[in-house]
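Work through the exercises below with the sequence and the model at hand. Each task is followed by a solution in steps.

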Amino acid sequence: MKSYAAAAALILLLPALALAQKTSYDYDKTADFTTMKTYTLKDGTKVGDPFVDDRITAAIEAELKAKGLTRNDATPDVVVVYHITFDKEKDITAYSTGAMYGPYPYRWGGGWGGGTTNVRVNEILIGTLIIDVADATKQQVVFRGMGVKEVDVQAKAEKRDKNVAAAVKKVLKDFPPKKKS
């Protein structure tokens with residue numbers, strides 16, 4: 001019975017584990033990132049909520065500052081733009097209760113009996129954050145970071161600050177990319 005309880009616990013934990021932020025990035029392998037010292041921010045695809053847009057902008061600025069870049073709106077080396085999109089997905093959770101007998105429930109002589117199966121369907125909001133870094137002179141994207149995660153629509157302001165900062169940090173984790181030798 002212990003193995004069944006462990007399997008049931010694992011199945012219940014899988015949706016929570018699947019909600020971790022997934023990130024990826026790509027970049028122009030010919031770009032010289034060592035010359036990129038200043039940046040400016042331009043409008044991309046905003047959320048539309050001024051509080052969230054301000055959080056994202058502040059988090060991007062903090063992360064770029066931590067990486068040694070300074071803001072220069074007059075003559076920047078790079079232009080940074082973020083885009084955000086939302087999508088709704090269905091989260092389906094099913095669990096069964098009831099008597100189980102025998103070590104092999106799907107063989108003859110064993111199986112579920114006298115129980116019920118409950119199915120719960122929840123709609124979840126998935127957010128995608130894309131941060132593009134473009135060479136200001138060539139006007140070409142040289143780095144793109146992307147993160148996808150479930151959005152906690154019930155979060156309080158302080159939690160939203162932390163979530164946005166963590167998301168931006170993770171999306172820009174590999175900027176500037178390290179040259180492989």
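**Exercise 1. Find the salt-bridge partner of Asp43 and describe how exposed the two residues are.**

Step 1. In this predicted model, Asp43 pairs with Lys46 in a salt bridge, and their closest N and O atoms are 3.4 Å apart.

Step 2. Asp43 has a relative accessible area of 62%. The cut-off for exposed is over 50%, so Asp43 is exposed.

Step 3. Lys46 has a relative accessible area of 42%, so Lys46 is partly exposed.

Step 4. As a general point, side chains of opposite charge can pair when their charged atoms come close.

**Exercise 2. Determine which parts of the chain are tied together by the salt bridge between Asp161 and Arg55.**

Step 1. The side chains of Asp161 and Arg55 meet with an N to O distance of 2.4 Å.

Step 2. Asp161 belongs to helix α3 and Arg55 to helix α2, so this pair ties together parts that lie 106 residues apart in sequence.

Step 3. Asp161 is partly exposed, at 39% relative accessible area. Arg55 has a relative accessibility of 17%; buried means under 20%, so Arg55 counts as buried.

**Exercise 3. Identify the network to which the salt bridge between Arg71 and Asp73 belongs.**

Step 1. Arg71 and Asp73 form a salt bridge in which the closest N and O atoms are 3.0 Å apart.

Step 2. Arg71 is partly exposed, with 40% relative accessible area, and Asp73 is partly exposed as well, at 48%.

Step 3. Through salt bridges that share partners, Glu61, Arg71 and Asp73 are joined into one network.

Step 4. The structure as a whole holds 7 salt bridges.

**Exercise 4. List the elements of the protein chain in order.**

Step 1. The chain has 3 helices and 6 strands.

Step 2. Read from the N terminus, the order is α-β-β-α-β-β-β-β-α.

Step 3. Of the contacts with a separation of 6 or more, 76% are between residues 24 or more positions apart.

Step 4. The protein chain has 181 residues, and 28% of them are buried. Its accessible surface is about 12300 Å², with 57% belonging to carbon and sulfur atoms.

**Exercise 5. Give the volume of the largest pocket and describe its lining.**

Step 1. The largest pocket holds about 550 Å³ of space.

Step 2. The elements giving two or more residues to its lining are α2 (50-66), β4 (78-101), β5 (111-135), β6 (140-150) and α3 (157-171). The largest share, 6 residues, comes from α3.

Step 3. The lining has 24 residues, and those nearest the centre of the pocket are Glu150, Val151, Asp152, Asn163 and Val164.

Step 4. Sorted by class, the lining residues are 12 nonpolar, 5 polar and 7 charged.

**Exercise 6. Locate a cis peptide bond and a residue that has a positive phi although it is not a glycine.**

Step 1. The cis peptide bond joins Phe175 and Pro176, with omega about -10°. Pro176 lies in the segment after α3.

Step 2. Gln139 is not a glycine, yet its phi is positive, about 55°.

Step 3. Gln139 is in the loop between β5 and β6. Its relative accessible area is 69%, so Gln139 is exposed.

Conventions: Residues numbered from 1 in each chain as written. Predicted model: local features only at pLDDT ≥ 70, side-chain atom pairs only at ≥ 80, totals over all residues. Heavy atoms only, no water. Helix = DSSP H or I, 4+ residues; strand = E, 2+ residues; numbered from the N terminus. Buried < 20%, exposed > 50% of the residue type's maximum accessible area, 1.4 Å probe, protein only. Contact = heavy atoms within 4.5 Å. Areas by Shrake-Rupley, 256 points an atom, 1.4 Å probe, with all protein chains shown as cover. 1 Å grid on protein atoms, 1.4 Å probe; cavity = no way out; pocket = protein on both sides within 12 Å on 5 of 7 lines; lining within 4 Å. Points joined across faces, edges and corners; volume = space filled by probe spheres on them. Nonpolar A, V, L, I, M, F, W, Y, C, P; charged D, E, K, R; others polar. Salt bridge = Lys/Arg side-chain N within 4 Å of Asp/Glu carboxyl O.
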